[in-house]
Amino acid sequence: MDLSGVVLLSFGWLMLSLADGKLDYDSHGNGMQFQGDFLLAGLFSLHYTDEPSAVFPALSRCNEGRTNKHGYYLLQAMRFAVEEINNSSGLQSLLPRVKLGYQMYDTCSVSAALLATLDLLEQHQYSTSTPQTEGNTNYNKQKALAVIGPDSSSKSFTPASLLGSHLLPEISYEASHEMLSNKNLYPSFFRTIPSDKNQVTAMIHLLIRFNWTWVALLGSDNDYGLQGMRSLFQQAPLHGICIAYQGVIPPYKDDTARTMRNIVESIRMANVNTIVVFSSKSKAKHFFPFVVEQNMTGKVWIGSEDWSTSSVISNIPGIHTIGTVLGISLKFESISGFEEFEKKVVKASMQRSDTQEVSNVAMSPDNDCLNSKGLYSLASNSFSLEKYDITSSFNVYKAVYAVAHALHRGLGCDSGECQKKTVYPWQLLQWLKEVQFSLGNTSVHFDVNGDPPTGYDIIVWVWRGTDLSIKEVGSFSPEPIDLSVDVDQIEWHNTGNSRTVPLSICSPPCPRGHKKLLTGQHACCYDCQACPSATFLNISESTTCQPCLPEEWAPPASERCLDRTVLLLAWDDPLSIALLFFLAACLLMTCSSAIILLLNLNTPVAKSAGGRTCLLMLAALTTAALSSLCHFGQPSPLACILKQLVFIVSFTVCLACITVRSLQVVCIFKFSAKLPPVYDKWAKKRGPEFTIFTVSATALFISVLRLVVNTPRPSLDLDFYADSIVMECSNTLSVVAGLEVVYLSLLSILCFSFSYMGKDLPANYNEAKCVTFSLMVYMISWMSFFTLYLISRGPFTMAAHVFAILFSVMAFFGGYFLPKLYIIALKPQMNTTAHFQNCIQMYTMSKQ
């Protein structure tokens, strides 16, 4: 025995010696007995008594208390199970040629349960295997081999610890406190009722099933209620359930009536519609009258298994007005033949003479069953056998059969005859851990904690006026966790439509895409705020709007992000097709013009336009037009490099040719007498060609420098639009790119200046108006594009870029080449040397 066992046992002996009175006949070893080869002890509450409030431990006499009909039926279930096992024969015999006996104790109070345990341990003072006990055929007849009971967690803690120190198996049928699963504290404790841990889980899932997140929680002031309430309080927030109010139902006394009323008023002020009551029926029966008294109606009450099916609660006057009662109930399983057995006991008690008494004598071989006077007096009350009694009785029935199956295994009864040998409690303890059998539709075995694998039924109270029926509407299984509820079978209170589930929430659900702004200490109470654009509401984190990924977007009040629209000038876009036709027209005109000029290269018109330089200009314009192809479709690295480089250089070549040609014409007609010798050398030694090359090479150098410093690459602009991605080339706007624009602009101004200076030259050499018009169109188109580019980056802007390129090409083609092509094709009489000389003479005469 360990130190804790010694301390507890010493305290028990002290309590026994100081107790006020002795164990009554129902509690002592010579009370309700049945002789057998193996003795089982039964702890049952046959009476209700109040614990004495004394300084020293004291024990009230159990038979002076009020009769407990539920405890009576539990005792009868044990008697029935023992007799059924003993009377079985043939192949169905579980313990052939072995008889079970029992010793019953009335554990009407915690003190009575403790003293009954000490009485059992007193019998086991020589319980260990010694030479004196080996071979003693009366050993198991005199000492209880296992204990069935007691009926509550409060009465089980100390007995379980004391019995565990002696490894004496104890199987409780109604003690559900989850702490009793601790094998370090209670190594020999088993039970046939599920642990409250499972009941708490069932309640949590029931609340989740109906979305009741704003609830009140009550627990009775005992181990059963307090532990259940504590577990619920700890687990509820993990599932999004808020406890608006938590209260403890005290034992009923005159001075606790005010407390009861305060609890009811607090529930009303908490504005909850669902109340979870984890209470024993003995405490709940004093609380609900105050609920009726305060006229609290229209609520949903979630009841624990101890009171939800008990007539002690349902018989309270006015209880039908409190609302809907949903309860957790033990799985119902009837015991075949039990009701007939009970009827025989009642009949026997009626036939018994009221004056007849039974002497309390010691057991003898001639008197196997010493029937107690108390047993017959209880049976004579003709208690009604309710479903609640049958359910708990089945747990007792399972406990007795568990011991029988363990003995069957240990005594080797499979051969048809059990061995005759002494069995010690510690041996039975090991066999109990391995039992596995079925009773009806119920599988019976114990897990490593001594708990059964059974679940619960979900029940609802159905009222027809003041008549109650209890309807099973669902079930709960702990392994794996599964809750099933047939909602259509539930008739809700005061909802107009009895199929409408009542609400019990602090704040209504937020609309889609709205985050919760907590307004207090509870997560269930909040205001709603729409998530801003580019964020979404993650369901797992309802108080924070999460940002979208860079390639995604979301409008305000979104629950998910959407893929951004990719903006590019697709080849198959209608606008692209129109521009490609425009490009084709430009190419056709420049190429055909080049052919025409090439065929008429020696004519005066072609020579006045620049001769072979015209072909270079048309080639440059054609190349500039072709650069627009780099703007269609998804950008590639090569396209990003070429599209600006090709246009800038080719257009520079065109402007340089026009500038040099305008300079030459102006110098010849206006400054021929004033020109320095340097001009002659420049003109005669390919100066114009060298100037065009230098200007073009400078543009090429600037463009290459831009490529080196800020290499353009395909990129995704995620910042310009919130809902779109602009697929373009990077570094479109940079310092070096600005230098390109400035250089081209200066060249355009210089070209315009020289052309304007020749506005009064002979008509055949006067392109001032046309070139000025071309430059104006060119500048306006590009200023329009840059303005649009700053405010928009969509496909339309990309199309505007292509249009600006092609329109610039057509502007110079139309302003410079089209008049000359007109003369070549339609006015051949003007394309003669005589005509040109005549124009020059007329100009010379006008200047004189």
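At 11% relative accessibility, tryptophan 782 counts as buried, because buried means under 20% relative accessible area, whereas exposed means over 50% and partly exposed lies in between (1.4 Å probe, protein chains only). The model is predicted, so that local features need pLDDT of at least 70 and side-chain atom pairs count only at pLDDT 80 or more, while totals for chains, interfaces and linings use all residues. Residues are numbered from 1 along each chain as its sequence is written, and side-chain values use heavy atoms, with hydrogens and water left out.

Tryptophan 782 and phenylalanine 785 form an aromatic pair of the edge-to-face kind, at 5.8 Å centre to centre and with 90° between the planes. By definition, rings of Phe, Tyr and Trp (its six-membered ring) pair if their centres lie within 6.5 Å, and planes under 30 degrees apart count as stacked, over 60 as edge-to-face and the rest as tilted. Because they are 3 residues apart in helix 22 (residues 768-791), tryptophan 782 and phenylalanine 785 are separated by about one helical turn; helices (H or I, at least four residues) and strands (E, at least two) are DSSP runs, numbered from the N terminus. Phenylalanine 785 is buried as well, with a relative accessible area of 6%. Both residues belong to one aromatic cluster, formed by Phe647, Phe651, Tyr778, Trp782, Phe785, Phe786, Tyr789 and Phe812.

The structure holds 35 aromatic pairs. One of them joins phenylalanine 288 and tryptophan 307 in a tilted arrangement, 5.0 Å centre to centre and with 50° between the planes. This pair links distant parts of the chain, since phenylalanine 288 is in helix 9 (residues 281-293) and tryptophan 307 is in the loop between strand 12 (299-303) and helix 10 (311-314), 19 residues apart. Phenylalanine 288 is buried, at a relative accessible area of 0%, and tryptophan 307 likewise counts as buried at 0% relative accessibility.

Rings also meet charges, where a charge sits over a ring if NZ of Lys or CZ of Arg is within 6 Å of the ring centre and within 35 degrees of the ring normal. The charged end of arginine 209 sits over the ring of phenylalanine 210, 5.4 Å from its centre, and lysine 285 lies over the face of tyrosine 48, at 5.3 Å from the ring centre.

Another lysine, lysine 515, has its place in strand 20 (residues 514-518), and at 19% relative accessibility this residue counts as buried. Not counting residues up to four places away in sequence, lysine 515 touches a set of residues that includes Cys510, Asp527, Cys528 and Thr544, where contact means heavy atoms within 4.5 Å.

Among the buried residues of helix 17 are Cys614, Met617, Leu618 and Leu621.

An open sheet of 3 strands has the order 26-28-27, with mixed pairing, where two strands pair if DSSP finds at least two bridges between them. Its edge strands, strand 26 (565-567) and strand 27 (714-717), each pair on one side only. Strand 26 and strand 28 (residues 724-729) pair in the parallel sense over 3 bridges, and threonine 565 stands opposite serine 724 in strand 28.

Taken as a whole, the chain has 24 helices and 28 strands, and of its 848 residues 51% count as buried.
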